[in-house]
Amino acid sequence: MIKVGLFIPCYIDQFYPQVGIATLELLQKIGLNIVYPLKQTCCGQPLANSGAEREAIPICKNFVRNFSEFDYIVSPSGSCVYYIREHYNILDQTDQVKKVRQNTYELCEFIVDVLGMEDLKIEYPHKVGIHQSCHGLRGLKLGMPSELVAKQFSKVHQLLKKAKGIEIISLGRKDECCGFGGTFSVIEPEVSVKMGKERIRDHQINGAEIITATDMSCLMHLEGIIRRQNWDTKVVHIAEILNCNRL
Amino acid sequence: MIGHSEKAAQFLKDENRADWHDQTLWMVRQKRDRAAWSVPEWEDLREEASQIKNHALSNLDNYLLQFEEKVIGNGATIHWASDAQEFNDLILRIIQKNGAKKIVKSKSMLTEECGLNPFLEKNGLEVVDTDLGERIIQFRNEPPSHIVLPAIHLKKEEIGELFEEKLKTAKGNSDPQYLTAAARSHLREKFLAADVAITGVNFAIADTGTVVVCTNEGNADMGVHAAKIQIHCMGIEKIIPGTNELAVFTRMLARSATGQPITTYTSHYREPKAGGQMHVVIVDNGRSKLLGNETYRNSLKCIRCGACMNTCPVYRRSGGHSYNYVIPGPIGSILGPDSDINKFKDLPFVSTLCGSCTNVCPVKINIHDLLYDWRQEISEKKLLPLSKRYLMKITGIVLAHNTVYNLSGKVARWAIRNLSGELIYHRINVWGRERELPEVPRESFKQWYRKNTLERRSVNEQG
C-alpha cells in the first residue's frame, strides 16, 4: 500500500487545525494510509520570500528528513507545495531531496491527478466563490491563468462543481491576487488590505456566501479584513468543503 | 527618499482616485487579453519573440557592428555613449555644433533614464515633449507614472485646469477632444519651429541600419519631417537581426501595451532627408553589465510595452510615482536595483509574487522569479534593516527545530488569546491596523493529532 505523508504548514497547524483535520479525514475516507510525521515544522517559504533563502536551509532539511520516506506528500497549501517543488533547488540534490520535490502535491491536484478522482460525493448547498490562490494557479498550474491564451481549466472547479447543491459564482476578475503575499502583507499593509477588500467585494457583489481557496494564507488575510469590517461573508478552506462528503 | 510603501499609502488615501486608477488600467489589461486572444498562435509568438531577443542579446557584439556599418552606409551618423553623462554631452554637442536652439522630442524612456531634458534646459535650450501625455507631465514638471501612458495618474479635469493655465483654454472645459485639439495646435507651432527632433527607438534593425519608432500620435514623424536634424536614441538592447524578426514584435507590442492590433504609426527611419542630418546614438548606461549578469540578463529582453504594469495589482493600487525609479512596476523593480541597489532595495519587495507579470510579458521575462532573486541578493548583501535580519535569524531557528517551534506556537497562541486587545493591536502590529488576527485555537493540529490519533491508537492497541 502506498504511504502518504501529511504536511500541515506551520500557520495552519497553529491557527487553523480544523483545516488539517479536514485534510486528514478526507484522505482517510478515501482509504489512504496517511501518516503525519510529528517532527515537521514549516517548508521554509516565509524566510525565503523575505530574502533569507539561506537561513531557510535548515528548515528545508528538516522537511526532507521528515518526509523522504513517503511515496507521496500531500498538503492543503498550494503555496508551500510550490515552494518545495520550485525552490528546494538550493539544497544539495540528493535522492531524498529529489524524491520529496517530485512527490509533494497540493490536495486538489493530488486528488485529481494522482488518484484520478473528481466526484467525491460532496453535498454543499451554498453559494461559493473560488479564490484562485496565485502560487497554486500560476505556480502549480492548478488551472489556466487568465493571462495565457490557452484552453481554460481549473482543477479546483472540477472538484467543486460535482458537489450536490453547490452554486459556484462567477467573478469580475477571476484570478486576481488577494494581496496577502507573505511578508508583503506587513511590508505594504495599505496596498495589501486594499487588494484584499476588492477581492472580497468581487465575491460579495456576485453573491458568494462563502469564499474558498486552496490556501489558508489568502483566506486568513481575507478573513482578517472581513471580521474587522463586520461583513458576513465566510471563508472556508477547500479541504473543509471536500470533507463534507458521503464517501 | 520616501519608500514605496509610504508613497503607496499616500496614493491610497484618495480612495476614489485609487479605484479609478485601478479600473482604468484593468480595462487596458482586458483589452490586452482580447487582443492576445485574437491571435491563436499568441503563446508561440511569445516564445519566438523571447528566442529572438535571446539570440540578439547573445550576438549583440556582431549585430551592433553590423548595424553601425549599415547606418553609416545609409548616410547617417552613429554615436556611442557609455553612460548617461556621455550621452547627454553628446546630444548637446550635436545641437550646439549646429547652432540649434529649439528641440522637439517624442517619447523615449532612455532620455528619461539619462535625465536629458533637465540637462539640455540647464544649457539654455528649449525641449518640448510632443507626446500628449508627456507634454502634460512636462507642464507639471513631473516624471511619467507609466512608460506607455505617462499621465495615467491624472484625470481629465486636472488636465483641463493645467491647460487653462498653460495653453489658455476655456475655464472649466475638460472635454478630452477640446483639450487634445488645444494641445495639437500648440504642438504644431513647436514642430514648425524646431531645429532638432529627438526620438526614442523601439527596434533597431541590424541588417538594414533602420530604426523603427512606434507611436499613436504621429508625433515622432511630425518632428522628424519638420526639423533639419533628427536624433534617434537607443539602448544597445534594441537591436534585432532583420525585418522578419520585426514582424513578430510589431504583432505583439501594441497588443500587449494597449490592446491595439498595431500602433497607429510604425515609422522606419533609414537615411537623412535632403540637406538634413540623421544621428543614431547607441547607449550602454549599465546594459552591458546587466548582459553579463546571468541571473538578471533576461530583463534586457524588455520591449517596454508596459503590460506588466497594467496587470500588476500592486502597481494599479499604488501608482507609478510610488516606485521612485524611472521605470515603475514589476520590470522597473528589477531594473531599478540593477542601476542602484542601495537606492532601490525596497522595490523587489513591492510585489506579492503573484506571477501575472510573467504571464503577460510578450518576451517571456520571468519577472516574478527575478524579483525573488533580487530579494535573496539584497538580503545576502545585508541591505535589509538590522531588525529584520535578526527577526529572520530567530524565525529560522524556531522553524528549523520541532521542539522550539511547538513551544513558540503555544506561547504565541496563549498570548493572542489572553493579552488585552490594546496590547495585541498596538500600532507596531502592522497586520492588525486594518485586519483582525485569526481566532486562535487552544490546540494546534499537532496537539490534536497526538491526542486523537496516536493516543487513541495506543489505547486500542493496549485494549
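Predicted model: local features only at pLDDT ≥ 70, side-chain atom pairs only at ≥ 80, totals over all residues.
Let me begin with chain A, for which the domain assignment gives domain 1, residues 3–114, and domain 2, residues 127–242. The centres of domain 1 and domain 2 of chain A, taken over C-alpha atoms, are separated by 22 Å, and the contact between them takes 25 residues from domain 1 of chain A and 22 residues from domain 2 of chain A. On the domain 1 side of that contact, at least two residues each are supplied by H1, H2, H3, helix H5 (78–87) and helix H7 (107–114) of chain A. By class, that side of domain 1 of chain A divides into 15 nonpolar, 7 polar and 3 charged residues.

Chain B is next. The assignment for chain B gives three pieces, namely domain 1, which is made of 1–29 together with 295–384, then domain 2, covering 39–285, and domain 3, covering 391–462. The C-alpha centres of domain 1 and domain 2 of chain B lie 23 Å apart, and 23 residues of domain 1 of chain B are in contact with 25 residues of domain 2 of chain B. Two elements give two or more residues to the domain 1 side of this contact, and these are helix H2 (15–37) and helix H14 (307–311) of chain B. H2(B) gives the most, with 4 residues, and in terms of class the domain 1 side has 13 nonpolar, 6 polar and 4 charged residues.

As for chain B as a whole, it has 22 helices and 10 strands, and its C-alpha trace spans about 105 × 55 × 45 Å along the principal axes. Of its 463 residues, 44% count as buried. If we take the contacts in chain B with a separation of 6 or more, 73% of them are accounted for by residues 24 or more positions apart.

How many residues do the two chains bring into contact with each other? From chain A there are 57, and they are in contact with 55 residues of chain B. The elements giving two or more residues to the chain A side include helix H1 (10–15), helix H2 (17–30), helix H4 (53–67) and helix H12 (216–229) of chain A. The chain A side divides into 31 nonpolar, 14 polar and 12 charged residues.

The largest nonpolar core has 193 residues, and those that touch the most other members are Leu222(A), Val196(B), Met234(B), Ile240(B), Cys308(B) and Ile367(B). H12(A) gives the most to this core, with 7 residues. To take one of those residues, and leaving aside residues up to four places away in sequence, Val196(B) touches Ile95(B), Ala100(B), Ile103(B), Ala227(B), Ile229(B) and Ile231(B).

Which residues of H19(B) are buried? They are Met392(B), Gly396(B), Leu399(B) and Ala400(B), and because they cover an arc of only 90° around the axis, they sit on the same side of H19(B). What covers the buried residues of H19(B) includes H1, H3 and H4 of chain A, together with helix H20 (402–418) of chain B. The face turned away from the buried side of H19(B) carries the exposed residues Leu386(B), Ser387(B) and Tyr390(B).

Finally, two backbone details in chain B. Most residues other than glycine have a negative phi. Asn285(B), however, has a positive phi of about 45° although it is not a glycine, and Asn285(B) is found in the loop between strand S10 (277–283) and helix H13 (287–291) of chain B. Lys382(B) likewise has a positive phi, of about 60°, without being a glycine, and Lys382(B) is found in the loop between helix H18 (367–380) and helix H19 (386–400) of chain B. Are these two residues buried or exposed? Asn285(B) is buried, because 20 other C-beta atoms lie within 10 Å, whereas Lys382(B) counts as exposed, because it has 8 C-beta neighbours inside 10 Å.

Conventions:
Residues numbered from 1 in each chain as written. Chains lettered and ligands numbered in written order. Domains from an automatic or database assignment. Contact = placed C-beta atoms within 7 Å. Nonpolar A, V, L, I, M, F, W, Y, C, P; charged D, E, K, R; others polar. Buried ≥ 20, exposed ≤ 12 C-beta atoms within 10 Å, placed from the backbone. Core = buried A, V, L, I, M, F, W, Y, C linked by C-beta atoms within 7 Å. Arc of directions from axis to C-beta.
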